[in-house]
There are 4 protein chains.
Amino acid sequence: MPELRRRLAKELDPMLRDKTGLSRTNRFICALILASLLMTILRTEITIYAGREDLFLIVDLVLTGLLAIEYGLRVWVCTENPAYRSRLAFVLTPSALIDLLAVLLILFSPIGNQGFLLRLARLARILRLAKLGRFSLAFHSVTQAVGRRAYELWLSLAFSATLLLVSSAFLYLIEGGIQPEAFGSIPRAMWWSVATLTTVGYGDVYPVTAAGRLFGALTAIIGIGLIAMPTGILASAFSEAFQERCRHNTAGTDDPMHPPAEQSRTTE
Amino acid sequence: MPELRRRLAKELDPMLRDKTGLSRTNRFICALILASLLMTILRTEITIYAGREDLFLIVDLVLTGLLAIEYGLRVWVCTENPAYRSRLAFVLTPSALIDLLAVLLILFSPIGNQGFLLRLARLARILRLAKLGRFSLAFHSVTQAVGRRAYELWLSLAFSATLLLVSSAFLYLIEGGIQPEAFGSIPRAMWWSVATLTTVGYGDVYPVTAAGRLFGALTAIIGIGLIAMPTGILASAFSEAFQERCRHNTAGTDDPMHPPAEQSRTTE
Amino acid sequence: MPELRRRLAKELDPMLRDKTGLSRTNRFICALILASLLMTILRTEITIYAGREDLFLIVDLVLTGLLAIEYGLRVWVCTENPAYRSRLAFVLTPSALIDLLAVLLILFSPIGNQGFLLRLARLARILRLAKLGRFSLAFHSVTQAVGRRAYELWLSLAFSATLLLVSSAFLYLIEGGIQPEAFGSIPRAMWWSVATLTTVGYGDVYPVTAAGRLFGALTAIIGIGLIAMPTGILASAFSEAFQERCRHNTAGTDDPMHPPAEQSRTTE
Amino acid sequence: MPELRRRLAKELDPMLRDKTGLSRTNRFICALILASLLMTILRTEITIYAGREDLFLIVDLVLTGLLAIEYGLRVWVCTENPAYRSRLAFVLTPSALIDLLAVLLILFSPIGNQGFLLRLARLARILRLAKLGRFSLAFHSVTQAVGRRAYELWLSLAFSATLLLVSSAFLYLIEGGIQPEAFGSIPRAMWWSVATLTTVGYGDVYPVTAAGRLFGALTAIIGIGLIAMPTGILASAFSEAFQERCRHNTAGTDDPMHPPAEQSRTTE
């Protein structure tokens with residue numbers, strides 16, 4: 001029994017696994033979660049769901065049952081990992097709580113059909129995706145690169161926010177009287193301004209006067225800079241992060257034959 | 001009294017502060033300015049403002065009162081900073097003038113309701129955001145990176161302007177007769193051209209003939225290059241700026257454990 | 001005869017050619033394929049095709065005939081290349097099979113006019129473009145740079161997919177009741193979400209409520225980050241790839257006078 | 001007289017000027033050309049032109065007169081520059097021919113009002129902008145960076161073209177029967193495809209079926225990659241170009257106090 005638990009723990013807990021990557025069991029769990037997520041998404045579409053209620057119910061129950069078993073097994077084997085002092089400590093970790101919540105909420109899903117509780121449950125099931133992140137420590141390298149330049153990225157966001165305010169205020173002053181529905185207030189003008197600065201440009205609202213178009217064009221052109229700035233910051237962050245990877249690497253190194261020669265030299 | 005003034009000066013004037021970052025008082029001032037800005041924005045939206053005129057008036061007066069007190073205190077303590085030769089020298093600095101203007105204009109705000117003066121006052125309050133920049137010298141590093149490549153960025157703007165002219169002229173020649181409202185003159189065609197080159201694409205105007213669409217497609221494709229160019233220039237500027245940061249750094253260094261080893265070596 | 005075959009093989013098989021670049025024969029073949037592709041595209045447009053059926057048929061037959069001859073010659077000379085153990089081995093390579101299929105399918109093209117088989121044939125002819133890739137090993141350098149950062153690019157795709165799900169779910173909850181046609185289910189809301197996150201913004205569907213617009217604006221702003229992330233990753237990948245080019249270069253080196261001095265030094 | 005010619009040549013011919021930048025005379029010429037261009041643009045807009053025909057005519061004649069004098073002076077002083085073997089050699093250079101053409105065509109402008117010849121003349125005047133490029137050798141550095149990666153940029157264009165074809169073909173197959181006006185042929189579907197891949201997204205045409213939207217969403221997502229690729233290539237090109245600037249610099253060095261230490265070291 002302890003032997004079985006130890007082997008199961010290695011299968012279920014990525015931290016105890018010797019090799020990198022996901023174990024077969026965890027790959028299966030991932031597939032289950034994605035399938036469950038897909039079911040939740042498809043169920044909202046009435047043209048797919050209508051007439052297949054029973055099929056959806058059965059698949060949902062099977063998936064939830066399997067995930068409930070997985071949850072139980074994880075609680076059982078968690079004592080193998082010295083990181084958790086007790087079973088309760090494991091159960092109270094955020095990811096374990098999300099798992100429990102997702103399994104519990106599924107019970108209300110067939111009952112309160114189309115209700116608010118159900119919708120929240122669906123959202124919770126979507127949030128379960130966050131669980132997948134736990135399987136891999138590798139996104140650390142990307143988030144670290146972003147984190148290193150967090151200050152500059154916030155600054156470029158602040159520039160964007162300022163520009164958003166200024167362009168909204170101008171359009172409100174220029175076109176507020178002509179198109180009250182679209183530009184009648186600064187918050188309304190902001191909807192146009194966001195669509196323009198992000199270059200989405202739905203085209204539901206747009207300036208119609210010469211002055212409005214002149215300012216709108218200026219906004220669109222400056223918007224390019226607001227896209228270029230975070231992109232440039234991130235590009236330089238990634239360049240730096242990948243050059244330093246070998247030192248702090250937590251992610252899997254994908255080019256082990258290129259040791260960072262100039263770095264090891266400087267530390268001599 | 002001089003002791004109080006010295007301590008207050010350290011709280012209010014970021015240049016006299018020993019530590020980096022904002023003092024508690026200045027953080028509170030920032031919150032006040034942002035709240036005042038939010039009030040100005042929300043007040044323009046009739047569905048929010050209607051029925052809450054008194055609430056807006058009270059909040060506005062309280063905020064303005066606090067900012068007026070802050071202005072007064074700053075004038076009082078400015079003599080502590082050797083950068084200002086006299087009280088008058090401080091009062092005439094642009095940022096102090098903006099502060100004064102913003103405080104003064106609020107008085108006209110409840111009177112000339114929906115008037116032009118009021119609108120300008122609102123804009124002035126928006127401009128007050130610029131004051132926040134003064135609290136931090138740190139955006140220097142980003143603006144320096146942009147400044148270093150100012151020449152190349154202007155050049156890529158000139159390329160864009162040329163392309164804007166050429167594509168507008170072509171669309172005017174091709175579709176001017178068919179869609180006179182949209183392409184009947186080069187300035188009109190420019191509205192479409194800006195929307196296309198910046199990839200905003202409102203869709204209020206677009207070519208309809210085969211030739212117009214062919215040229216429009218070409219414009220859209222070249223537009224990608226016009227976005228890629230400043231982005232690439234900025235990316236390389238940031239890469240360079242961050243590598244040199246430790247030498248000229250005016251911004252707060254966020255990774256002090258990585259001294260720029262190869263640079264110190266070259267200066268030996 | 002063997003002498004002719006050897007010379008023809010050097011003309012037709014880019015692997016046997018001594019010099020870099022395409023031989024004259026292969027450049028001609030490329031032109032034929034592009035012409036054939038252009039014919040296929042133009043033929044679908046009724047305003048171009050109508051009244052020119054015979055012209056299209058003749059050009060199609062001539063092009064197919066020439067490509068059939070090319071196919072035959074390639075089968076004949078393939079024994080010169082030691083990479084293929086037998087004629088059958090060559091015939092069964094994917095690119096040779098595509099060539100054969102394209103030549104064969106053309107026969108059904110004039111018969112089953114506007115039929116499904118014909119459409120597939122057209123698609124097959126489009127797929128033939130893939131054949132051009134075989135002529136050059138040079139895109140290796142770009143694909144290698146992309147391949148090096150494949151992991152990070154997949155991760156940024158996973159972030160995008162998560163954001164896509166979350167924003168679709170929110171908009172479904174907020175606007176599902178008001179605009180059932182556009183946001184009545186998560187799959188429907190996804191259409192809006194993709195258009196917004198990629199900044200395409202068709203404008204056929206967009207949020208209309210204040211909450212929907214607030215969340216839509218947030219989605220658009222985060223969408224900028226999702227564009228900036230892969231761009232930054234690719235920029236750093238290309239920087240690295242081009243620096244290392246001289247070592248692993250399979251593509252044509254375009255700046256041979258700049259040897260990677262610091263790399264040769266580290267290997268001493 | 002030769003003394004006057006020599007001094008005038010230094011003013012008019014940027015190649016003979018000792019200092020960098022434009023001479024006062026050439027700055028004035030630039031202003032004249034831009035003014036002439038602005039006149040051409042504004043004249044096409046009937047709401048601006050109507051009632052001001054005389055004003056436009058006078059300004060046009062004055063501008064053209066001044067540019068004609070400039071042309072004459074340039075022909076006179078060109079012998080000072082050893083680059084031109086004779087006056088005729090100078091007159092036959094492309095930029096001198098454009099100047100002459102622009103001056104000559106202005107004569108037809110007031111006559112054939114709104115005629116085709118006039119429109120071409122306007123376009124010629126727009127082309128005159130190219131003349132400005134001659135004043136500065138500095139855009140060399142940007143074009144060189146682009147030129148270095150020309151091969152990779154063409155490759156990314158080829159990828160884009162392939163994707164354009166494939167997505168157009170798919171949408172034609174899926175939605176050709178439902179929306180014949182928008183997707184009834186591959187060339188028609190291309191208009192949608194370009195708008196989507198470049199993320200312009202006018203919204204005049206878009207898929208309406210589930211399959212069409214699925215493929216459209218896929219196209220939009222892949223389109224992000226097509227924007228990221230050239231941006232990344234250009235970013236790495238600029239990084240490299242700016243690092244090498246001090247060696248091959250033809251453009252004005254804007255940071256002369258940072259000699260490329262590591263490069264001078266490797267050449268020892």
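Mentor: D:S167 lies in helix α10 (residues 150-175) of chain D. This is a predicted model, in which local features need pLDDT of at least 70 and side-chain atom pairs count only at pLDDT 80 or more, while totals for chains, interfaces and linings use all residues. Residues are numbered from 1 along each chain as its sequence is written, chains are lettered from A and ligands numbered from 1 in the order in which they are written, and side-chain values use heavy atoms, leaving out hydrogens and water.

Trainee: What makes a stretch a helix?

Mentor: Helices are DSSP runs of H or I with at least four residues, strands are runs of E with at least two, and both are numbered from the N terminus. In chain A this gives 15 helices and zero strands.

Trainee: Why does D:S167 count as buried?

Mentor: Its relative accessibility is 1%. Buried means under 20% relative accessible area, exposed over 50%, and partly exposed in between (1.4 Å probe, protein chains only). At 1%, D:S167 therefore counts as buried. Of the 268 residues of chain A, 47% count as buried.

Trainee: Which residues is D:S167 in contact with, leaving aside neighbours within four places in sequence?

Mentor: D:W192, D:S193, D:F215 and D:T219. Contact means heavy atoms within 4.5 Å.

Trainee: What makes the pairing of C:S185 with A:E45 a polar contact?

Mentor: The two side chains come to 2.4 Å. A polar contact is a pair of N or O atoms within 3.5 Å; within protein, one must be able to donate a hydrogen and the other to accept it, and residues adjacent in sequence count only if both atoms are side-chain atoms.

Trainee: Where is C:S185 found?

Mentor: In the loop between α11 (180-183) and α12 (186-197) of chain C. C:S185 counts as buried, because its relative accessibility is 1%. Not counting residues up to four places away, C:S185 touches A:T44, A:E45 and C:Y172.

Trainee: What makes the pair of D:W191 and D:Y202 stacked?

Mentor: The planes are 15° apart, and the centres 5.6 Å. D:W191 lies in helix α12 (residues 186-197) and D:Y202 in the loop between α12 and α13 (210-243) of chain D, so the pair ties together parts 11 residues apart in sequence. Both D:W191 and D:Y202 are buried.

Trainee: Why are α12(D) and α13(D) called oblique to each other?

Mentor: Their axes cross at roughly 55° and come within 8 Å. Axes are lines fitted to C-alpha atoms, for helices over the stretch in contact, and angles run from 0 to 180 degrees between N-to-C directions. Angles under 35 degrees count as roughly parallel, over 145 as roughly antiparallel, 65 to 115 as roughly perpendicular and the rest as oblique. The two helices, α12(D) and α13(D), are therefore oblique.

Methods. Rings of Phe, Tyr and Trp (its six-membered ring) pair if their centres lie within 6.5 Å; planes under 30 degrees apart count as stacked, over 60 as edge-to-face and the rest as tilted.
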